[in-house]
Amino acid sequence: MQMPDKYQAQNIENKWYDYWMKHNYFHSIPDDREPYTIVIPPPNVTGVLHMGHMLNNTIQDVLIRRARLLGKNACWVPGTDHASIATEAKVVARLKEQGIDKNDLSRDEFLKHAWEWTDEYGGVILEQLKKLGCSCDWDRTKFTMDDDMSEAVIKVFVDLYNKGLIYRGFRMVNWDPEAKTTLSDEEVIHVEKQGLLYYINYKIDGTEDVLTIATTRPETIFGDTAICINPNDERFTHLKGKKAIVPISGRIIPIIEDEYVDLEFGTGCLKVTPAHDENDKVLGEKHNLEVIDIFNEDATLNSFGLHYEGQDRFVVRKAVSKELEETGVLVKTESHINKVGTSERTKAVIEPRLSDQWFLKMEELAKPAIEAVLGENSEINLVPKKFENTYRHWMENIRDWNISRQLLWGQQIPAFYYGEGKDDFVVAETIEFALKLAQEKSNNSNLKSSDLRQETDALDTWFSSWLWPMSVFDGIRNPENEEIKYYYPTNDLVTGPDILFFWVARMIVAGYEYKDAKPFENVYLTGLVRDKQRRKMSKSLGNSPDALKLIEEYSADGVRVGLLLSSAAGNDLMFDESLCQQGKGFGNKIWNAFKLIKGWEVKVDLEQPESSKISLEWYSAKFQETLVDIEDHFSKYRLSDALMCTYKLIWDDFCSWLLEMIKPAYQQPIDAKTFKAVINILEDNLKVLHPFMPFLSEEIWQLISERTPDEALIVSKWPEKIGSWSDNFGLLASFENAKNVISGIRTIRKQKNIAFKDVISFSVIDNQGGSRLFDEVISKLGNLEAINYVSEPVEGALTFRVKSNEYFIPMEGSIDVEAEIVKLTEELKYTEGFLKSVQKKLSNERFVNGAPEQVIANERKKEADALAKIETLRSSLGSLK
């Protein structure tokens, strides 16, 4: 193939992605190979590609591409989540733009609009993942609202209900007044907010006395049904058995006693609002208090709010405090910081609300999932381990899961009501079966389908996605099918720690309940992508770059490398575009190295130089040493370290050293044996590079020689480990020594302005009796006449040391000796003065005893370096005089 002059990322990326798709490399079917399975954390169907997705999916693609190269049957299942709250909000907003109110539509009419929206926008993020190079099995793409997926969800609901694990209860729940639905406890984010504590006087009925209560929510006085005092509080013994009058409304409420009241907080008197506080509800039930719900579903006040009816709760808070002040019952206000529950999705302030909801009992279900991660014989590995403590805290304090949502978009709860009584309902997968159950339960054989009313609530989105590793392989509906038996349990799950409980823990629970097996072996928890100021990336802050524009500017490979270079598992990534520039630069370095190789003329009958032979042996040993490190990093999910090993191997060892060591002289040919070996080396480099930079590596692979589809890099074979580290130790150590010698020669050439084209003499006193394996390489890269081994210092030469060996470069004819003596004398004088100042500091006992250990160590290093430099300068001066 003709090699282009420049690497054109966009053309190449499209070309190879189309090629991979055409030849079905991403598709997996069960066979006799070992399976390697990843299920994608399904992004919201409302989503577009952002930096978190970029990081998460790059990591998954690295793992899946490496598994292919290892000869495994790699299967990466993509898909999207219907995201009930987020999607319904988008659809409602679009309907509003069209002048349509959701409440004016029937369920079926609304769902029609929701499906239209999903069909229009639902596949956007998956198409964007292709631009990143994600090698998902697109034939397996799933959506959590697909018919088969929904059928699995309903089947599980019915099963859990029949097991007595799902129940309907009247509970205090978290109400999102913007989405107009309940949320589970895990979907509520508690945020510290600055507010006020309002001190309000309540009159004691039949007297002129007052009592003072302190509250952060004066608007809820319309729902007060009691005042509570601690029976042990001597300040309020005179209030026992009396009644109080609620300000503004004038309602008379009892004064009750309960040790629940904190004697130290506020005034010691507590207003009780059972409809709007979990603790107040408990008190209300204990003391048989009236329950007054003062809010509408959008958190405006209802008729109990009197003249504030229809106004928003926060507007009312200000207005009520003003009215209380004007009527003389607001004593004072104080600044007060408290934690306010907010909706994870809409950011609205949560309102505690009493309502009938569906719950799943979690305590027993959680036990196998706790054992799987934290037990002595744990089967699931969290990376990094630090998240085990978070997992333990959540799982050991688990509460029943509120699984019902007051939404239309989602799986409709399969409960069917046939009467007005509290328990007049049945649960079934179909209305036909529900009718039979209803006829039996009611003893009414005349009931018809039209007499049944299905529950209007939908299921929590997570109740769908907790089945994901099973349902994508139809493991719920057909538990013994070939695919679920082959692909399950999956291998690795890559996700963010923010959904460790929402999703990861619940999938583990479901896995043990429905397959009696873990859903995955390893959970790689990525960090959050933050900006350079450590702020979380978000649209609202405007600090999140456009993912597709980054790819366009830096190439998909460049962005992948940029993200991974600083992404240790579980640690937040401080994203900087310069990292992507570094990734792009790495790609250009590899491209130019290949261009150099391809430009060499190959001569078949040319003998291989000794320098090339030993250089190739060294690189093979270096590659094997690095391969062990790369595989160790992969085994520990240190992907950034695996990439850095690959980066250094190719940039430093291959491009900067090997190619320099073997390249032919200017306009001279290279021998065929060396050329063939370096091509084989390049191919091995491309194999370890491919998971990180799939496009560039495939392009170069295909340019090396004509390949059939079976010979594409994506389906080639990961390099094999040959021999052991100890076999290559001597060779690798010898080259490290040679590198230092070459660097010493280059430094003198640079300092003395000796052109590289000028051949120089070179002598060495070999005090260490080391290996001379790389003498030919040193001679070539230093452009030396020869390497002369001598026993005495060479007169009139500059010198440097590597370990105990001394090296000499005669200066006669190359430099002005007198000028060099003056220069070296000045440098010696300066260095001796510097040494004196360091030694003075080290002889000061107060400094040595008081300074940190690291500071002392730094000063001692300065002393040692200065002494070594003085010795070299004196030696050089001695040889010149």
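**Close-up views of a predicted model**

**View 1. The second largest pocket and its lining.** In this predicted model, the second largest pocket holds about 630 Å³ of space. Its lining is formed by 27 residues, of which Lys663, Pro664, Ala665, Tyr666 and Lys780 are the closest to the centre of the pocket. By residue class, the lining of this pocket divides into 12 nonpolar, nine charged and six polar residues.

View 2. At least two residues of the lining of the second largest pocket come from each of helix H19 (610–635), helix H20 (639–662), strand S27 (670–671), helix H23 (725–751) and helix H24 (775–782). Of the contributions to this lining, the largest share is that of H23, which supplies three residues.

**View 3. The open sheet S29-S28-S31-S30.** Four strands, in the order S29-S28-S31-S30, form an open sheet in which the pairing is mixed. Strand S28 (residues 763–765) and strand S31 (residues 805–810) run antiparallel and are joined by three bridges; Val764 has Tyr807 of S31 as its bridge partner.

**View 4. The open sheet S6-S5-S14-S16.** Another open sheet is built from four strands in the order S6-S5-S14-S16, and its pairing is antiparallel. The edges are taken by strand S6 (181–183) and strand S16 (401–402), each of which has a single partner strand, so that one side of each is left without a neighbour in the sheet. Strand S5 (residues 166–176) pairs with strand S14 (residues 351–360) in the antiparallel sense over 10 bridges, and Ile166 stands opposite Leu360 in S14.

**View 5. The protein that surrounds these close-ups.** The protein as a whole comprises 27 helices and 31 strands. Its radius of gyration is 37 Å, well over the 29 Å that the globule rule gives for 881 residues, and the protein is therefore more spread out than a compact globule. Taken along the principal axes, the box filled by the C-alpha atoms is roughly 115 × 75 × 55 Å. Of the 881 residues, 53% are buried, and among contacts in the protein with a separation of 6 or more, 77% are between residues 24 or more positions apart.

Technical notes. Residues are numbered from 1 along each chain as its sequence is written. This is a predicted model: local features need pLDDT of at least 70, side-chain atom pairs count only at pLDDT 80 or more; totals for chains, interfaces and linings use all residues. Side-chain values use heavy atoms; hydrogens and water are left out. On a 1 Å grid over the protein atoms alone, a cavity is a set of points where a 1.4 Å probe fits but cannot get out, and a pocket is an open set with protein on both sides within 12 Å along at least five of seven lines; lining residues have an atom within 4 Å of a point. Grid points are joined across faces, edges and corners, and a volume is the space filled by probe spheres set on the points. Ala, Val, Leu, Ile, Met, Phe, Trp, Tyr, Cys and Pro count as nonpolar, Asp, Glu, Lys and Arg as charged, and the others, Gly among them, as polar. Two strands pair if DSSP finds at least two bridges between them. The radius of gyration is taken over C-alpha atoms; the globule rule is 2.2 Å times the number of residues to the power 0.38. Buried means under 20% relative accessible area, exposed over 50%, partly exposed in between (1.4 Å probe, protein chains only). Contact means heavy atoms within 4.5 Å.
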